[in-house]
Amino acid sequence: MTTRNVTVASCCSRDSGYVYQMDPLSFDDSKRLFCQRAFSSGDLCYPHVKTVCDGIVRKCGGVPLAIITISSLLADKIAKDEWDRVLTAIGHSLAKDPDAGNMTKILSLSYFDLPQHLRSCFLYLSVFPEDYNINKQRLINRWIAEGFIEEEQSQSAYEIGEFYFNELVNRSLVQPYKLKYGQARACRVHDIILDFITCKAAEENFVTSTDAAEHGLISDCRVRRLCIDNRNEEKAKTSTRLVPSHVRSLTIFGHFAQTSLSAFTALRVLDLEDCINFQDRHLPYIEMMYNLKYLCLRSYTIAEIPRKIGVLQFLETLDIRATKIVELPSTITKLQRLARLYVDPCTRFPNGIIGKMQSLEELQEFGVYSYEVGKSLQEFSQLTKLRTLVVSWNFDWPDDSEGGTLAKNLQSYVGTLISSCNLHHLYVLENHRNIPIYHQLSLDSWSPGTPCRLRKLHITYCTIYKVPNWMRSLDNLKELKLYISCMRPEDVEILGAIPSLIFLELTAWYGTKGTIFIPGNNNGFRSLKYFSLYVLYCGTALEFEAGSMPKLEHLQVRIPVHKIECLNDSFDLGIQHLSTLTKVEVAIVGDFRYSSNDGMSTDMGNDIIKCVASSIKAAVEALPNCPILRFKTHYYDCQHFEEFCRIHELQVE
C-alpha cells in the first residue's frame, strides 16, 4: 500500500513498525534526473546556467515529480533570464518542506506556461477519476466536440488533437500509457497533478463533479461540464442544486440511478462509456439534445438506436461499440456532420447508406460477414474525406474454388478502395483471429493513387502470398504490419525500399530455402526503428548482416528452437551488427513447458536452446547502448515448414 498521508500509513500498520518512509533523492541523483529530462543527457549541456540549474534542483527538494515537471518546462529554453525567472518563481517552500501540498507552485508554473488552447485540454483531464486510464482516441474526440481544437487546412482536427496530446506528454504533465509503435494509446494523470487541475477546474467553473456541488465548493450552479461519479451505489444520485439546462458536457461513471436526461437539453458531449444500467428506455431523451457533437453509448444493455437520431444535425462522433445493436437505422444518413463512427464488426449497415455518409473521416470497424456485404466496400470509394478505415473479415472462407473466387473479388474491392480514396490508415484483419491457409491474398492488382497518402497499413490474420512491388513507392508509409506465407529476398528488398517506414511487424510461415536474410546495404530500412518478426514454423534461419537496419532501436523476434534443424543449422542471428539497439525481446519456442520469473525456462530441455539463448545474450551485451534484453519461452510442438507445406499441398520456395 502506498500513501502520501502519514496518518493513513500509521493506521495500516501496528505501532507504525512497517511504515517505510521514502527519502527524497540526493542532490546528485536529482541533478542527473533533471539533466536527463531537460537535455536527454545525464550532464548539464549549457554551462552558462550551471549556477541557476543547481539552485532549481535544490529547491525541488529531491521530489521526483517536481524535478520532472520543472525540467520539462525548461527543456527547450536556452536563455539564462528564462531560467532565472523559473528559479525566482519557485520560492523556498519545497526546500523547507518537500511535501505533496507544496507542489502547487511548481505545477502553477507549468500550468501558466501552457498556451491557452493547451490549458483547456489539460484542465479537461479532471473529468476522469483518479488512477483512470484515459484512452487517447476518446479524449481527442471529446476535445474536438468541446471546441478546443479547430481544423486547419493542412491537418484534420484529430491530427491537431494528437499533437496537443503529445505536447502534454512531452511536458510530463500526463503519463503515457499502453505504448505501441512509439505512440501512447492512453494516458494517466499523477494523483498530485490531478488534485491540482481538479481544484483549478472548480475555481474556474470549468469542470464540476457532483461531490463538489454537494459540499458547496461551487458558488454558481450554472455548471458547464458535469462529471457524475456513481461508482459507489449508495451515493448514486445527481445534485439537486444543479441546473441541468446549462450543462454542456455530461460524463457518468458507475450507476445511472436517479439521473434523468430529459432536462439536459443543451448537451454537446454525452459520454456513458463507464455508465452501468443505462437502458433503451432512456434513449428517446437523446433526440431532444439537438446540439450533441459527441455521443458514446457503450453498454451491453443497449439494443437499438432510435430512428429519430437523424435530428442530431451537429453530431460528429458516435460510439456504439460493446452494445447489442445489430443494425444501424437508415436515418443515420441524415447525420451530415458525422465524422467518426465506432461500431462492432457484427453491426449491419443498411444497403446503400455508406456512400451517403459524405462527412465520414473514420470508421471502426466494418465487418464483412458475407460476400454480399463485401460488395459494400466499393461504396467507401465515394467518401472523399475518409482517412481511417478498419475492415474485418468475419465469416468462414470456403476451401473450394468458389471460396477462391470470393477471396479474389473481396481483395479487389479493397484494392479499389486504396486506389480511389485519400486513406491515411487502413487496417484489414480477419476477425476469427486464425491464420487462413487457403486463398492467400495477392496484392499485385492493387494500384494506389499517386501520390499515395497511406501512413499506416495493417493486413493481419489474412496471409499474403508476397510483398507487391508497388509498396516501395509508398513514400508516406510509416507503419506496416503483414502476414506473409514465404519471406523471399525480393520481399525484404521491397520493404527496405520504403523510405519513411519506421515500424514494421511481420509474421512469416518460413523463409526461402529456410533463410530470412537482412542485407547490410546502406539504402535498405534507412528509417526503421522498430522491427518485429514472428517465424511460425521450424526450419528457418534469421540473419542480420553488418550495416543492416542502421537506426533500429527495438527488435522483437519469435524463433522456434527445438533442435539445430529448427534454425537451419545456424543460431547466429547477427544481432551484434545492430549497433543502435536499445531494447531486444526474444520469444523462444521449444519443447519445455514451465518458465521462471525472468522468462527463461527453469529446465531448458536441451542444449541447443541454451546455446541459442547464450548466443543472443552475448551478442546483445556486446552492443554499445547496453540494450534491455527480455526472453519469453513458449511450449509448442516442432513442426517443420516443409512438412507443413506437404500436408496442406502448398508449394515450397
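On a 1 Å grid over the protein atoms alone, a cavity is a set of points where a 1.4 Å probe fits but cannot get out, and lining residues have an atom within 4 Å of a point. Grid points are joined across faces, edges and corners, and a volume is the space filled by probe spheres set on the points. A search of the whole structure finds five cavities of 30 Å³ or more.

The model is predicted: local features need pLDDT of at least 70, side-chain atom pairs count only at pLDDT 80 or more, and totals for chains, interfaces and linings use all residues. Residues are numbered from 1 along each chain as its sequence is written, and side-chain values use heavy atoms, with hydrogens and water left out.

**Stop 1: a cavity**

Select L283, I286, E287, L295, L297, I305, P306, I309 and L312, which line the second largest cavity. Its volume is about 50 Å³. The lining comprises eight nonpolar residues, no polar ones and one charged. In this division, Ala, Val, Leu, Ile, Met, Phe, Trp, Tyr, Cys and Pro count as nonpolar, Asp, Glu, Lys and Arg as charged, and the others, Gly among them, as polar.

**Stop 2: a three-stranded sheet**

Proceed to the open sheet with the strand order β1-β3-β2 and antiparallel pairing. Strands (E, at least two residues) and helices (H or I, at least four) are DSSP runs, numbered from the N terminus; two strands pair if DSSP finds at least two bridges between them. The edge strands are β1 (134-135) and β2 (175-180), each pairing on one side only. Strand β3 (residues 183-188) is joined to β1 by two bridges. Select N135 and A186, its bridge partner in β3.

**Stop 3: K136**

Next, select K136, in helix α9 (residues 136-146). Is K136 buried or exposed? K136 counts as buried because its relative accessibility is 9%, the limits being under 20% for buried, over 50% for exposed and partly exposed in between (1.4 Å probe, protein chains only). Leaving aside neighbours within four places in sequence, its contacts (heavy atoms within 4.5 Å) are Y158, E162, F165, Q183, A184, R185 and A186.

**Stop 4: the nonpolar cores**

A nonpolar core is a set of buried Ala, Val, Leu, Ile, Met, Phe, Trp, Tyr and Cys residues joined through side-chain atoms within 4.5 Å. Select L341 and M471, which touch the most other members of the largest such core, a set of 117 residues. Helix α16 (residues 607-621) gives the most to this core, with seven residues. A second, separate core of 46 residues includes C121, I140, F196 and F253.

Conventions
On a 1 Å grid over the protein atoms alone, a cavity is a set of points where a 1.4 Å probe fits but cannot get out, and a pocket is an open set with protein on both sides within 12 Å along at least five of seven lines; lining residues have an atom within 4 Å of a point.
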